[in-house]
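Biologist: I have not looked at this one before. Can you walk me through it?
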Amino acid sequence: MEKIKFIDLFAGIGGIRCGFENAFRKAGYETQCVLTSEIKPYAVKVLNANHPDETVSGDITKIAASDIKDFDFLLAGFPCQAYTIVN
């Protein structure tokens with residue numbers, strides 16, 4: 001089985017990733033997330049609960065490009081500031 005590697009930026013609670021992984025699984029591919037970036041504490045908590053063996057890396061602007069492993073797909077949530085509750 002071929003493995004598809006991806007990164008998930010501005011991940012939120014992982015909805016885009018969930019659909020991506022399900023679609024590839026149905027097509028016969030294994031997936032591996034090599035980087036997740038999210039800064040909202042409640043979203044990080046959900047991601048950690050759903051993917052306990054992975055690390056949420058935090059702010060993408062503080063991650064050096066050289067620290068990002070090779071990947072096949074880049075997933076990214078759209079800017080949701082208009083829908084987000086201001087803290």
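Biologist: Is Lys62 buried or exposed?
Modeller: This is a predicted model. In it, Lys62 counts as exposed, because its relative accessibility is 69% and the cut-off for exposed is over 50%.
Biologist: Which residue does Lys62 form a salt bridge with?
Modeller: Asp59, with the closest N and O atoms 3.6 Å apart. Asp59 is partly exposed, at a relative accessible area of 27%.
Biologist: How far apart are the closest N and O atoms of Glu21 and Arg17?
Modeller: 3.1 Å. The two residues are four apart in helix H1, so about one helical turn separates them. Both Glu21 and Arg17 are buried, and the relative accessible area of Arg17 is 3%.
Biologist: And what about Glu54 and Arg17?
Modeller: Their side chains meet in a salt bridge at 2.7 Å, N to O. That pair links distant parts of the chain, 37 residues apart: Arg17 is in helix H1, and Glu54 is in the loop between helix H2 (41-50) and strand S3 (73-76). Glu54 is partly exposed, at 27% relative accessible area.
Biologist: Switching to Ile16, what is it in contact with, leaving aside neighbours within four places in sequence?
Modeller: Leu75, Ala76 and Gly77.
Biologist: Last topic, aromatics. Which residues do ring pairs link into a cluster?
Modeller: Phe6, Phe20, Phe24, Tyr29 and Phe73. The whole structure has five aromatic pairs.

Conventions: Residues numbered from 1 in each chain as written. Predicted model: local features only at pLDDT ≥ 70, side-chain atom pairs only at ≥ 80, totals over all residues. Heavy atoms only, no water. Contact = heavy atoms within 4.5 Å. Phe/Tyr/Trp six-rings, centres within 6.5 Å; stacked < 30°, edge-to-face > 60°. Salt bridge = Lys/Arg side-chain N within 4 Å of Asp/Glu carboxyl O. Buried < 20%, exposed > 50% of the residue type's maximum accessible area, 1.4 Å probe, protein only.
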